[in-house]
Amino acid sequence: MKENRIISAAILALGIIIMGFALKGGIDNFTNKDRKVTVKGLAEKEVNADKVTWPIQTKEVGNDLTALYTKINSTNTAIKQFLLANGIKAEEISINAPTVIDMSAERYQSQPVAQRYNITSTIIVTSNNVKLVRQIMAKQVELLKQGIAIVDGGYENPVKYEFVAFQKMKPQMMTEAIENAEKTAQQFAENSHSTLNKIISADQGQFSIENRDENTQYIKKVRVVTTVTYSLKD
């Protein structure tokens, strides 16, 4: 009987010890499951634009519509020859139909007009050779010598620079952004006397492409910000 009581007591003690460890593990898991840190990771690069769209606009005013069309066609031919002579490919040049405004038909025009018709012609250069196009832009004085004035396209027809190779950069930039996020999280864990654990969640990142500044729109700033949540442990 005495031996049975000793065995029963030993089994009971072992059960209490096992239950204690299980209870401690449960408490630790409960305590640690909400221990986490959410950080943002940033990756940023400056790149040169790899596509340019250059609208070249000219205007003619007068009263003889036929003569104006003849003048516009002559001007367009001269501009196209200028572009081809400077290295632009024929397939990179497109000529839009001219826009005609009849000034005498304007609803708010109450006074007789000296020049009835205002015609705008637009030639569009679309090229991946941004450097070449920018060099040609600087040579527009050669057209002025021929009596051809290029007018500002304004807000409706600005020179547009793009970075179309962006998709190829996305994986590399996401990796860099996550690495930077991990560095921040690691520093937080050290400051809180914890150990950085696994990633709980992460978003795909918010990408943006902006001009570096207004004067160098052909240089783009590519930026990605990602949000990552890590678990922490002691």
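The side chains of Thr 122 and Gln 57 make a polar contact at 3.1 Å. This is a predicted model, in which Thr 122 belongs to strand 5 (residues 117-127). Thr 122 has a relative accessible area of 9% and is therefore buried. Beyond its sequence neighbours up to four places away, Thr 122 touches Pro 55, Ile 56, Gln 57, Ser 94, Ile 95 and Asn 96.

Helix 5 comprises 26 residues, 166-191. The distance from its first C-alpha to its last is 37 Å, close to the expected 38 Å, and the helix bends by about 30° at Gln 172. Its buried residues include Phe 166, Met 169, Met 173, Ala 177, Ala 181 and Ala 185. In an α-helix, residues three or four places apart point the same way, because there are 3.6 residues a turn. The buried residues of helix 5 pack against strand 1 (36-48), strand 7 (195-202), strand 8 (206-211) and strand 9 (219-233). Just after the helix, His 193 adopts a positive phi of about 55°.

The whole structure contains 2 aromatic pairs. Tyr 161 and Tyr 218 are edge-to-face, with 6.1 Å between centres and 65° between planes. This pair joins strand 6 to the loop between strand 8 and strand 9, across 57 residues. Tyr 161 is buried at 11% relative accessibility, whereas Tyr 218 is partly exposed at 23%. Phe 166 and Phe 207 have ring centres 5.3 Å apart and planes at 75°, so this pair is edge-to-face. It links helix 5 with strand 8, 41 residues apart.

Charged groups also sit over two of these rings: the end of Arg 134 lies 3.6 Å from the ring centre of Tyr 218, and that of Lys 170 lies 5.2 Å from the ring centre of Phe 207.

Notes
Residues are numbered from 1 along each chain as its sequence is written. This is a predicted model: local features need pLDDT of at least 70, side-chain atom pairs count only at pLDDT 80 or more; totals for chains, interfaces and linings use all residues. Side-chain values use heavy atoms; hydrogens and water are left out. Helices (H or I, at least four residues) and strands (E, at least two) are DSSP runs, numbered from the N terminus. The expected span of a helix is 1.5 Å times one less than its number of residues. The bend at a residue is the angle between axes fitted to the seven residues ending there and the seven starting there. Buried means under 20% relative accessible area, exposed over 50%, partly exposed in between (1.4 Å probe, protein chains only). Contact means heavy atoms within 4.5 Å. A polar contact is a pair of N or O atoms within 3.5 Å; within protein, one must be able to donate a hydrogen and the other to accept it, and residues adjacent in sequence count only if both atoms are side-chain atoms. Rings of Phe, Tyr and Trp (its six-membered ring) pair if their centres lie within 6.5 Å; planes under 30 degrees apart count as stacked, over 60 as edge-to-face and the rest as tilted. A charge sits over a ring if NZ of Lys or CZ of Arg is within 6 Å of the ring centre and within 35 degrees of the ring normal.
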